[in-house]
Amino acid sequence: EAVVSTQSTGSKTHGKEYYFNTETQESSWEKPSGSSKVRASHLLVKHRDSRRPSSWREANITRSKQEALQILQGFIDQINGGASFAELAKENSDCSSASRGGDLGFFGRGQMQKPFEEATFGLQIDEMSGPVITDSGVHIILRTG
């Protein structure tokens with residue numbers, strides 16, 4: 001999915017610039033504040049208090065949230081040391097997106113849990129988050145688009 005395209009056009013009636021969103025076909029006087037969608041990959045470590053404490057890797061997850069955060073910090077350290085985010089996600093993420101190296105594709109606001117959404121929209125492209133805690137577990141997020 002592509003980033004939302006806008007066109008800037010001058011209004012003949014009002015003599016000022018307006019913006020046209022080519023996806024929604026809506027006009028606005030306000031300059032768009034960026035894309036309505038982002039693309040991200042993540043690495044999820046679930047714990048026993050996760051919404052669903054099981055995954056493709058483990059049928060019954062018994063680690064504590066603190067242990068999950070420690071594991072996640074180890075992955076952050078490995079990535080900062082040059083390890084591949086996608087490879088670590090493929091081997092270690094408790095999400096089914098692991099088969100795609102953690103890639104979640106494009107998503108807009110309201111599609112993910114609020115802490116995950118806020119963290120992702122707050123990142124620059126190619127920037128990685130620190131630990132993000134949701135009802136699903138603890139994540140590191142890499143914004144890719």
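Does S55 count as buried or exposed, and why? S55 counts as buried because its relative accessibility is 13%; buried means under 20% relative accessible area, exposed over 50% and partly exposed in between, with a 1.4 Å probe and protein chains only. Keep in mind that this is a predicted model, where local features need pLDDT of at least 70 and side-chain atom pairs count only at pLDDT 80 or more, while totals for chains, interfaces and linings use all residues. Residues are numbered from 1 along each chain as its sequence is written, and side-chain values use heavy atoms, with hydrogens and water left out.

You'll find S55 in the loop between β4 (37-45) and α1 (65-80). Helices (H or I, at least four residues) and strands (E, at least two) are DSSP runs, numbered from the N terminus. Leaving aside residues up to four places away in sequence, S55 touches I61 and D94, contact being heavy atoms within 4.5 Å. With D94 there's also a side-chain to side-chain polar contact of 3.0 Å. A polar contact is a pair of N or O atoms within 3.5 Å; within protein, one must be able to donate a hydrogen and the other to accept it, and residues adjacent in sequence count only if both atoms are side-chain atoms. A polar atom of the S55 side chain also sits 3.0 Å from the backbone nitrogen of R57. As for C95, it is 40 residues from S55 in sequence, yet their C-alpha atoms are 6.7 Å apart.

**S41, on a strand**

Now for another serine: S41 lies in strand β4. S41 counts as buried because its relative accessibility is 8%. Among the residues that S41 touches, not counting those up to four places away in sequence, are F85, D103, L104 and I141.

**The nonpolar cores**

A nonpolar core is a set of buried Ala, Val, Leu, Ile, Met, Phe, Trp, Tyr and Cys residues joined through side-chain atoms within 4.5 Å. The largest one here has 14 residues, and those with the most contacts inside it are L43, V45, L72, F75, F85, V138 and I140. Two or more residues of this core come from each of β4, α1, α2 (85-92) and β7 (137-143), and α1 gives the largest share, 6 residues.
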